[in-house]
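Trainee: I am new to this structure and would like to go through it with you step by step. Could we look at it together?

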Amino acid sequence: MSAPAERIRFTPDETILVLDNDALFRMPLCEYLREDGYRVLEAASTDEAKTILQKWDVKIDVMLTDIELSGELNGFAFASWARSVRPDVEIMFAGTPERAAHAAGKLCEQGPILVRPYEPQLVAQRIKRLVAAREGQRPP
């Protein structure tokens with residue numbers, strides 16, 4: 001058996017909003033990101049995410065949203081709405097291989113797409129790279 005992968009530790013100042021109605025994906029990812037030092041806000045629905053984006057006075061650096069959300073808006077439609085409210089928020093998408101491949105062909109301009117299942121450390125690395133690129137820094 002190989003040794004476990006070394007955990008990358010950041011000292012982030014970023015706040016991440018994770019929007020996913022599937023608690024089996026959302027909760028472990030949020031826990032991992034918190035352990036890495038991120039401030040993490042969780043939303044199990046677009047309604048919860050809308051409340052956070054519209055009414056909470058907190059800077060949100062990155063929103064990770066599932067492509068397939070329950071309700072009237074999919075992840076891409078919700079991301080468009082979120083950008084109208086918070087244009088400074090970077091957006092990442094997550095989805096099953098089939099949905100991600102389909103979406104990537106049509107909507108790759110919207111933001112990076114993570115294919116499920118993914119390792120939480122991959123998400124943390126992608127967040128750090130996304131924020132670094134936005135700030136004009138060399139990604140880690």
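Trainee: Against which elements do the buried residues of α2 pack?

Mentor: This is a predicted model, and the values we discuss are computed from it. In α2, which spans residues 46–55, the buried residues are T46, A49, I52 and L53. Their packing partners include both strands and a helix, namely β1 (15–19), β2 (39–43), β3 and α3.

Trainee: Is T46 buried or exposed?

Mentor: T46 has its place in helix α2, and, not counting residues up to four places away in sequence, T46 touches L19, L69 and F78. Its relative accessible area is 12%, and since the cut-off for the buried class is under 20%, T46 is buried.

Trainee: Are α2 and α3 roughly parallel or roughly antiparallel to each other?

Mentor: Two packed helices are described by the angle between their axes and the distance between the axes. For helix α2 and helix α3 (residues 75–85), the axes are 10 Å apart and the angle is about 15 degrees. Angles under 35 degrees fall in one class, and therefore α2 and α3 are roughly parallel.

Trainee: How many nonpolar, polar and charged residues does the contact of α2 with α3 have?

Mentor: The crossing of these two helices, α2 and α3, is right-handed. On the side of α2 the contact is made by T46, A49, K50, L53 and Q54, and on the side of α3 by F78, W81, A82 and V85. Sorted by class, the contact of α2 with α3 has six nonpolar, two polar and one charged.

Trainee: How many residues in the contact of α1 with α5 are nonpolar, polar and charged?

Mentor: Here α1 passes α5 in a right-handed crossing. From α1 the contact takes in L29, Y32 and L33, and from α5 it takes in P120, Q121, V123, A124 and I127. Divided by class, the residues of the contact of α1 with α5 are seven nonpolar, one polar and no charged.

Trainee: With which residues is V58 in contact, leaving aside its neighbours within four places in sequence?

Mentor: V58 lies in the loop between α2 and β3 (62–66), and at 26% relative accessibility V58 counts as partly exposed. The C-alpha atoms of V58 and T15 are separated by 8.4 Å, although these residues are 43 residues apart along the chain. With neighbours within four places in sequence left aside, the contacts of V58 are T15, L41 and R86.

Trainee: Which residues does N74 touch, not counting residues up to four places away in sequence?

Mentor: N74 belongs to the loop between β3 and α3, and its relative accessibility of 33% places N74 in the partly exposed class. Between the C-alpha atoms of N74 and T46, which are 28 residues apart along the chain, the separation is 9.2 Å. Not counting residues up to four places away in sequence, N74 touches I67 and L69.

Trainee: Does L114 count as buried or exposed?

Mentor: L114 is placed in strand β5 (residues 113–115), and, leaving aside neighbours within four places in sequence, its contacts include L64, M92, F93 and L122. Its relative accessibility is 1%, which is to be set against the cut-off of under 20%. L114 therefore counts as buried.

Key: Residues are numbered from 1 along each chain as its sequence is written. This is a predicted model: local features need pLDDT of at least 70, side-chain atom pairs count only at pLDDT 80 or more; totals for chains, interfaces and linings use all residues. Side-chain values use heavy atoms; hydrogens and water are left out. Axes are lines fitted to C-alpha atoms, for helices over the stretch in contact, and angles run from 0 to 180 degrees between N-to-C directions. Helices (H or I, at least four residues) and strands (E, at least two) are DSSP runs, numbered from the N terminus. Angles under 35 degrees count as roughly parallel, over 145 as roughly antiparallel, 65 to 115 as roughly perpendicular and the rest as oblique. A crossing is left-handed if the near helix is turned anticlockwise from the far one by less than a right angle, and right-handed if clockwise. Contact means heavy atoms within 4.5 Å. Ala, Val, Leu, Ile, Met, Phe, Trp, Tyr, Cys and Pro count as nonpolar, Asp, Glu, Lys and Arg as charged, and the others, Gly among them, as polar. Buried means under 20% relative accessible area, exposed over 50%, partly exposed in between (1.4 Å probe, protein chains only).
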